[in-house]
Amino acid sequence: MNNEKVLRHTEILLVEDNPGDVRLTLEAFKESKIRNNLHVVGDGVEAIEYLRKQGRYADAARPDLILLDLNLPKKDGREVLKEIKEDPILKRIPVAVMTTSKAEEDIIKSYDLHANCYITKPIDLNQFITVVKSLGNFWFSIVTLPLEE
Amino acid sequence: MNLILKLLAIIIGVFFAGYVHAAGIVSLLKDYIELFAGILMVFVAFSIFAMTWYAYGKSGDNHSLFLGAAFLITGILSLLHTFSAPFMPDFIIPNSIEKSTIFWGESRLVLALLFLASVYIYKDTYPELINRPVLLASAIVLSSISIISILFYPAYLPSIYDPDGSLSTGMILMLFITTAITLYAGYLYALRIKKTGQKNLVFLIYGSVIIVFSNLIYFYYEFSGLFLMITGFYFVHLALYKSSVELPYEKLALAEEKLLHAAEEKYRNLFDHANDAIITSDLDDTITSWNKSAEKIFGWSSQDVVGKKLSSFIVPPDLHATRDRIVNDAISGMVVSGIDAVCLRRDGKNVDVGLTVSQLRDANLSIIGISYIIRDITERKQAEATLKKTMDELVRSNTELEQFAYIASHDLQEPLRMVVSYMQLIEKRYKGKLDADADEFIDYAVDGATRMQRLISDLLAYSRVGIHGKPFETTDCEAAFNHAVSNLEIAVEESGAVITHDPLPGVMADSGQLVQLFQNLIGNAIKFRNENSPKIHIGASRKGGDWLFSVIDNGIGLDMQYAERIFGIFQRLHGKKEYPGSGMGLAICRKIVERHSGRIWVESEPGKGTIFYFTIPIKRGEEI
């Protein structure tokens, strides 16, 4: 357990185009009582801009975790994943693919592109909250993340 | 009328010949001519016998044979008559006019009697009595009796001349009887000819009448008598020749011709009316025959093409090499049949045909030409094309439907999730904070949405069986089984289920779908349990060309009247409150099994557990 880390708010980037889903995720995080700053971008292009601190995202904080949906407008989630994991600096950031798809090929593709994990969003709200709680617990309490440079 | 005139002419003619002869001959030669005529008569009589005897083998005509035998006897007796003439050397008893005449009389009488008897004899009368051995023996016996009686008991013979030189009463009586019998026989033959139409026998009548005249004038005009006798015998010979030699051969030839004609007719009929074009050519490709169907299919008439080269008419220019190859194959003995080809019609259009090409051989079995049987298969080709088009349509339509189902389910999931989740959020946040009605409403809404969501999820899984099915590869069923059971871990634990299995084989399958199959079936077995903890067994055995799997449980069972329905989409036998589930599981199982070319069915009894059977074909190379 890394006690120092608990003090700081965790930065989470949520890449999700559906506002309904965004709100749900927010509520779930609220219920989970993980202290975090949840930043949201609506498509793949913005996601990359945010990560590279381009344009209006010049002051963006480096996320500790990226929650990435696969089906995004403009730039597809798989492409974003690929770009992140090929970038020497960005590839250290854990990416959790969060999507409704259960498709085998999506799972395999995501892991092939070096996603850190693949989560199928449960339909049931309570289950969703549990997942989010577990996410937070795992990535921020159990796991050791690299120090930011 | 003709008959009588002809007879008269012959009789008078011959009579005069004899008369003239007699008048102008020196008495010394007279004896020799008499001898010669006598022998000639014997010769004719014997030749009648010989002819009928030898012809009997082919003709089997008892009538001819009988008459032949009669003439044998007559011949023998006439021979003795000739040798008994006074100027001939004596034998046994001294020759005399009496001796000679007695023999003569006997021969005439015997002939007349036998002639009369022959009227009643037909081709197949009394086969036991009228055959060669019997008749020959009878003839010899009869002749012997006549000869012996005359030679050894001359005293009992009647005299011929009265003391005054005229014919004795006995002779006249004999002549009279002989004549009457012969004429009567002739009359009966006339009746027989009328009745049976045996025209050749008319010569017998000629013969008999002439013989009668010969008998009557013999004592006064010896030569004419002799000549008339020979003439009469000649007509008998003619009659018997026609009936025992000519007629049978004629009949045979006619019958053969008829058969040949009939066979040719039959062949012609077949050839002309065959539905397919039948064309024959020689080995130089010159057309030798061209039937009606060929005229119809190709548009050339028989006159246009016979004698010309086949290739120049019906073989399309670019297919000459193919044609040569086909013909060579046929000549070398290969079976060339049912080949699809294209031929050229008179109007320049191509026609799709089915070809059968074979050798034509002659009686010595050497190849003399080629026969082509050509069928217009335009209709068949069209039918095939339509069928293919329909099939392609179906496949396309099917694929489209599957894709549609998949996409629809996939895209429906997302908005549904919104409904379900937010309803649940409201439920969570505001339960108890609104009135009781609101709580109830929210409950129903959430429930409905959740169910719909599950339905769509299942529908998606169902359509994925086809669309996302992976190509088959060797799959270990044991591994698939284990995978499925581990997926069901929670249910297994909760229910305390005990799952056993036979050794499971390897099969050609989509491994993911196999896991799904086992999972659905075992999951059902666990779900539909009674108060006992579930005991489930997976069996596997070979049956014909398939592996037969069984999933046996001790659960609640089902009524066999629903055995088909449960495999339908969204079909359930229980209310949602009793057992959860959308009714899709077995439909997915069936789709998976059918994709693997297998069958799935159930055997069960309410309260007595259930057995699900399914088959998967045995891996190639492992078949018995």
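## Interface between chains A and B

Contact here means heavy atoms within 4.5 Å. In this predicted model, the contact draws 21 residues from chain A and 15 residues from chain B.

The size of an interface is often given as the accessible area lost when the parts come together. For chain A and chain B, about 1,600 Å² is buried between them, with 50% of it on carbon and sulfur atoms. On the side of chain B, the residues that lose the most area to chain A are Arg417(B), Tyr422(B) and Lys428(B), which together account for 35% of what that side buries.

## Polar and charged contacts

Two salt bridges are found across the interface of chain B and chain A. In the salt bridge between Arg417(B) and Asp21(A), the closest N and O atoms are 2.5 Å apart. Between chain B and chain A, nine residue pairs are in polar contact, both residues being at pLDDT 80 or more.

Two elements of chain B give two or more residues to the side that touches chain A, namely helix H13 (378-430) and helix H14 (436-467). H13(B) gives the most, with eleven residues. By class, this side of chain B has five charged, six polar and four nonpolar residues.

## A parallel strand pair in chain A

Within chain A, strand S4 (residues 95-99) and strand S5 (residues 117-120) run parallel and are joined by four bridges. Val97(A) has Tyr118(A) as its bridge partner in S5(A). From S4(A) the chain passes through helix H5 (residues 104-112) of chain A to S5(A), forming a right-handed β-α-β crossover.

Key: Residues are numbered from 1 along each chain as its sequence is written. Chains are lettered from A and ligands numbered from 1 in the order in which they are written. This is a predicted model: local features need pLDDT of at least 70, side-chain atom pairs count only at pLDDT 80 or more; totals for chains, interfaces and linings use all residues. Side-chain values use heavy atoms; hydrogens and water are left out. Two strands pair if DSSP finds at least two bridges between them. A crossover is right-handed if, with the strands pointing away from the viewer, the path from the first strand over the helix to the second runs clockwise. Buried area is the accessible area (1.4 Å probe) that two parts lose on being put together, summed over both. A salt bridge is a side-chain nitrogen of Lys or Arg within 4 Å of a carboxyl oxygen of Asp or Glu. A polar contact is a pair of N or O atoms within 3.5 Å; within protein, one must be able to donate a hydrogen and the other to accept it, and residues adjacent in sequence count only if both atoms are side-chain atoms. Ala, Val, Leu, Ile, Met, Phe, Trp, Tyr, Cys and Pro count as nonpolar, Asp, Glu, Lys and Arg as charged, and the others, Gly among them, as polar.
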